[in-house]
Structure formats: structure tokens, C-alpha cells
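Please look over the structure below.

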Amino acid sequence: KLSIIVPVYNVEPYVERCLRSLLAQDLPSEEYEIIVVNDGSPDDSRDIVLQMRAEADNILLIDQENHGVSIARNVGLAKAKGEYVLFVDPDDYVIPNLLKRLVSRAKSDDLDILLSGRSLITPEGKKVKKYDYRVQAEQIYSGPVAFYEKDKPFPVWDSSVGRLYQRDLLERHAITYPPGVAHLEDGIFVRQVFIVADRVGFENCDFYQVYARPGSASRSDLPKRESSIQGYFSALLILLNFRSSRELTSQQEGILNASIAKYALLPLMLSIRQRSLKSFIDYSSKLKKTGVSQLDTSNINVSGYL
């Protein structure tokens, strides 16, 4: 029924907590698999996973050289057998005995995506934010509408973890995580999958626990680094190609147009802030070569981004 995909790299202090939370569920072990992709981790994360696998026969370990989180998730996705897939970061964890409820809801309502509530946990173990979907749980949305609804209780625009995705939906639309886009792989994945989804539901339960680990990619200064500029450009090209490769409604197009504008303008703004004329000129030249000398702002839901 469910494949849980956990990419592992340098998370020795956290991975056991993550896996034990995934095992402490009310879904029978034969009904879900936990696919751990060891992305060439240099610490003892792999040994911990091996010890856990000796305790649970629904843990599958895949070893590969270090290629980054996108490829690690894609490798897990290619091996997945579940009707639904769930991506979990190895420093995060989930609340026990909720998987049966989530899988049952996704299947009974024939959902393409199921979102649930989440909390933010400090390194001291304090729950500083708790978010729910009390209002959204009342109905089923189309993907483009749900794209905005998911962020009304809290801003998680670019988070792809902690949600159930119908595997057939991802396969039919060839949606995977793009490599080589620095910290933007989640955002691209989320935009694509919500655009093609027809039925999206919300379950009002505090399921996914986001651990605010110091130094993790999502909480680093990575977006400000010079090396991230190529990631923005690659992300922009991916979304341009996605937009041109299919017939889109105005709602779908608006999501892409807003995101393309974001990836076009952010590096220019960073160049100005860093007073780097060379970076500004170089990125402007790249944009012109792609035909993005003028941004298409049609159908953008401005209120959805405020």
C-alpha cells in the first residue's frame, strides 16, 4: 500500500529515531516498505540502518555513491512498489500509529496527494510551531487550488516531505526530483505534482515532525551563495520546459509563471545586494539566451503569494 523513501547522508545522530518512528505504526509491516537509500554517507549511518533492518523485514537498504538527495530519492522511487509513496527526511520523524489512518483516507477518497499537519521541533525538543488543516480537511481540491490552500495555515511552499503521493500519478507524468538545482529540488517537484493532480485531500492530524537541525540545507545560507546561481538557472529551464510541453489551464500556468519569475529575479536581486555587477550581467545574459528577457506574469495569483 505504501512505500516510504528515506535518503541518508551524514545523519548518524538522527536516522534511528526516524526509522523507529516509521516502524511504530498501526499499518501491518507487510503492507508498507521503508526504502533507505544510503547516498555514500561517510559516517556510521549505514551501520545503524543495517542494525534496524535486522529488526524489521520491511526495511530495504540501497547503497550508492554520493549523488545528492534528488538522485537518492529517485532511486528509491524507482524501486518502490507501493500504491502511494511518502518521502521522509532522515533527521525528521513522524508520530506513531497514524499511517493506517492516512493510507485509508488516501485510498477511500482516491486521492492523488494527501497532506497532513506537521510541527516544527527545536534541537532542545520543544515544539515551537504546530500546524493543522482544520479548514482544508472539509473538502477535496484540485491540485492547483490545493497548491495555495496548503500554505494558508503555514508557509511550506517548497516542502515535499510528509505527504502521500499516488505513485501512478508520478509515473504517468514522469515526475521525479531534478538533480543539479542546489536547494530547489523540492520546489520544482512540488509545483509539477500539484499542477497535474486532480484530487488533493488534507487530513487534520499532527503527523510529520520537522526537526530544526542547525546546518541542514533548508536552514543554511545556501540560497545566498554564488554557487547557487546555476541552480536557479537550471530550475528556471526545467519549469520553462514543463510549461511548454503540455496544455495548461490558466491556474496551472499561473503557478509556473510565478515560479519562473521567482527564479529569474532572485539571483538578480542577490547580485544587487552583494554589489556584484559581474554576477548581474552574467545572469542577465543567460536569461536573454532562454528568451526570458520579458517575464510572463499572466494568470499569477498574487494574493496566493502574499
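Which residue in strand 8 is the bridge partner of Leu 86? The partner is Leu 164. This is a predicted model, and the pairing is read from its coordinates.

Strand 4 covers residues 84-87.

Strand 4 pairs with strand 1, residues 2-8. The two run parallel and are joined by four bridges. Strand 4 also pairs with strand 8, residues 164-166. Here the sense is antiparallel, with three bridges.

| Pair | Sense | Bridges |
|---|---|---|
| Strand 1 and strand 4 | parallel | four bridges |
| Strand 4 and strand 8 | antiparallel | three bridges |

**Confidence**

Mean pLDDT for the protein is 90. Of its residues, 93% reach 70 or more. Residues 219-223 have pLDDT below 50. In the model, this stretch makes twelve contacts beyond near neighbours in sequence. Where pLDDT is low, predicted coordinates should not be read in detail.

**Ile 255**

Helix 9 spans residues 250-273 and contains Ile 255. Is Ile 255 buried or exposed? Ile 255 is buried, because its relative accessible area is 0% and the cut-off for buried is under 20%. Ile 255 lies 94 residues from Val 161 in sequence. In space, their C-alpha atoms are 20 Å apart.

Technical notes
Residues numbered from 1 in each chain as written. Predicted model: local features only at pLDDT ≥ 70, side-chain atom pairs only at ≥ 80, totals over all residues. Heavy atoms only, no water. Buried < 20%, exposed > 50% of the residue type's maximum accessible area, 1.4 Å probe, protein only. Pairing = 2+ DSSP bridges. pLDDT = per-residue confidence, 0-100. Contact = heavy atoms within 4.5 Å.
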